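Thanks for taking a look at this one. Here are my notes, point by point, to read alongside the model.

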Amino acid sequence: NIKHIYVNDKRNSDFKWYLEGQRSYYLFVLFKTPAMVLIDGFYTETDAGTCVIYDKNTTQGYFPQRNREFVHDYIQLELDKNEEKKLLSEIPLDKLLPIYVMGELVDFLKLLFREYHANTPNKNTVLSCLGTVFLYKMCG
């Protein structure tokens, strides 16, 4: 289930995201500009075209590199037990992952974003299906 999604979220150079504690959702972030990303308690430089899926209990943190504008996409995912089992068994959490098919992923995220903000009778069903497709695509 998609709790929230944002595509092409543009922030200025002083933007910083930091969140501790337990949440009900996993956080997928696609970095479209170079970023400093909190992984295993340390900030690591990453290039555009990298993503991370933060576990529900992981401290999240990221900000732009070298006083640049910051652009990213993100999805807050709430999963049922079967989806969670799939995620935990096949997708590395809290690890930086390069995206090799950036255009395809960006197009899919735009579709998710449009459906999330649509006012259609089958919105929740469509989002649930697309969320499942997203997980399977992330599994390879």
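1. Start with Phe134: setting aside neighbours within four places in sequence, Phe134 is in contact (heavy atoms within 4.5 Å) with Phe28, Ile75, Leu77, Leu105, Phe108 and Leu109. Phe134 sits in helix 3 (residues 123–138); helices here are DSSP runs of H or I of at least four residues, strands are E runs of at least two, and both are numbered from the N terminus.

2. A caveat on the source: this is a predicted model, where local features need pLDDT of at least 70 and side-chain atom pairs count only at pLDDT 80 or more, while totals for chains, interfaces and linings use all residues. Residues are numbered from 1 along each chain as its sequence is written, and side-chain values use heavy atoms, leaving out hydrogens and water.

3. Is Phe134 buried or exposed? Phe134 is buried, at 1% relative accessibility (buried means under 20% relative accessible area, with a 1.4 Å probe and protein chains only).

4. Finally, Gln65, in the loop between strand 7 (60–64) and strand 8 (70–77). Gln65 is buried too, with a relative accessible area of 4%. A polar atom of the Gln65 side chain lies 3.0 Å from the backbone oxygen of Ala35.

Conventions: Buried means under 20% relative accessible area, exposed over 50%, partly exposed in between (1.4 Å probe, protein chains only). A polar contact is a pair of N or O atoms within 3.5 Å; within protein, one must be able to donate a hydrogen and the other to accept it, and residues adjacent in sequence count only if both atoms are side-chain atoms.
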